[in-house]
Amino acid sequence: MYLMKDITRDGDPVLRQEAADVQFPLSAEDRKLADDMMEYLVISQDETENEKYKLRPGVGLAAPQVGESKRMAAILVPGEFEDDEPLFKGVISNPVIISHSVQDGALDMGEGCLSVDEDVAGFVPRHDRITVRYQNLDGETVKLRLKDYPAIVFQHEMDHLHGVLYYDHINQAEPWAESEDVKYIK
Ligand code: 4LI
Ligand code: NI
């Protein structure tokens, strides 16, 4: 089980590397990496469990954030209400954005990252809607259309696979400058 001490922090070169493709069928090692990353997200979102283990909650965790420079990320976006199905739960490998909206979107409270201890404030403009292609844990190719929050999370995690951190996208001069061309997502 991963703890905060296992999460690589900003400044670690692995977070700035281009990650390598994942090979299928998955090795036992990569399968465990996938399971452990998803386990982190599940536990981190449970109020009693995250307090017990002092885990910071997350909806996404990319392999470079646990020191593995591989194109794999776990994503667990909860539904609106407690008993709702998650909006997305899965481990994605070798993801690619195959198309995106002209419309941009940004979380209206900004973004956080498990690898960045001090929140960098500001809007993080991204695509509002994307179509992604990735491989699931069985190696099957999946094509998925996403919008709003899940689309933002996918883009944040996919950035990690290219060595990009969310604050790279923040307008330095005016971090909270609103734009007509960006949809702000609650
Ligand atoms: C507890 C239990 C307010 C501030 C609102 C918490 C279960 C910020 C938002 C959570 C913000 C869960 C999140 C991300 C933001 C802010 C990530 C709380 C965990 C909200 C996830 C990857 C950016 C993702 C919406 C600086 C660790 N997550 N909030 N951004 N949640 N969470 N990101 N933004 N302002 N980061 O952080 O997992 S994409 Cl689910
Ligand atoms: Ni992150």
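User: In this predicted model, why does Asp128 count as buried or exposed?

Analyst: Asp128 has a relative accessibility of 1%. Buried means under 20%. Asp128 therefore counts as buried.

User: What makes Arg129 and Asp128 a salt bridge?

Analyst: The closest N and O atoms of Arg129 and Asp128 are 3.5 Å apart. The cut-off is within 4 Å, for a Lys or Arg side-chain nitrogen and an Asp or Glu carboxyl oxygen. The pair therefore qualifies.

User: Why is Arg129 called partly exposed?

Analyst: Its relative accessible area is 41%. Buried needs under 20% and exposed needs over 50%. Arg129 falls in between, so the label is partly exposed.

User: Which residues are joined into one network by salt bridges that share partners?

Analyst: Glu29, Asp30, Glu68 and Lys70. Within it, the side chains of Asp30 and Lys70 meet at 2.5 Å, N to O. Asp30 lies in helix H1, and Lys70 in the loop between strand E1 (60-62) and strand E2 (72-77). The pair therefore ties together parts that are 40 residues apart in sequence.

User: How do you know whether Asp30 and Lys70 are buried or exposed?

Analyst: Asp30 has 8% relative accessibility, and Lys70 has 17%. The limit for buried is under 20%, so Asp30 counts as buried and Lys70 counts as buried.

User: What does the salt bridge between Asp168 and Arg16 tie together?

Analyst: The closest N and O atoms of Asp168 and Arg16 are 2.7 Å apart. Asp168 lies in the loop between helix H3 (148-160) and E8, and Arg16 in the segment before helix H1 (28-44), so the pair ties together parts that are 152 residues apart in sequence. Asp168 is partly exposed at 38% relative accessible area. Arg16 is also partly exposed, at 38% relative accessibility. By the same rule, the count comes to 17 salt bridges.

User: What makes E5 and E8 edge strands?

Analyst: The open sheet has 3 strands in the order E5-E4-E8, with mixed pairing. E5 and strand E8 (182-185) each pair on one side only.

User: How do you know that E4 and E8 pair?

Analyst: 4 bridges join E4 to E8. Pairing needs at least two, so the two strands pair. E4 and E8 run parallel.

User: Where is Gly112, and what does Gly112 touch?

Analyst: Gly112 is in the loop between strand E4 (104-107) and strand E5 (126-127). Gly112 touches Arg56, Asp119, His156 and Tyr166, leaving aside residues up to four places away in sequence.

Conventions
Residues are numbered from 1 along each chain as its sequence is written. Chains are lettered from A and ligands numbered from 1 in the order in which they are written. This is a predicted model: local features need pLDDT of at least 70, side-chain atom pairs count only at pLDDT 80 or more; totals for chains, interfaces and linings use all residues. Side-chain values use heavy atoms; hydrogens and water are left out. Contact means heavy atoms within 4.5 Å. Buried means under 20% relative accessible area, exposed over 50%, partly exposed in between (1.4 Å probe, protein chains only).
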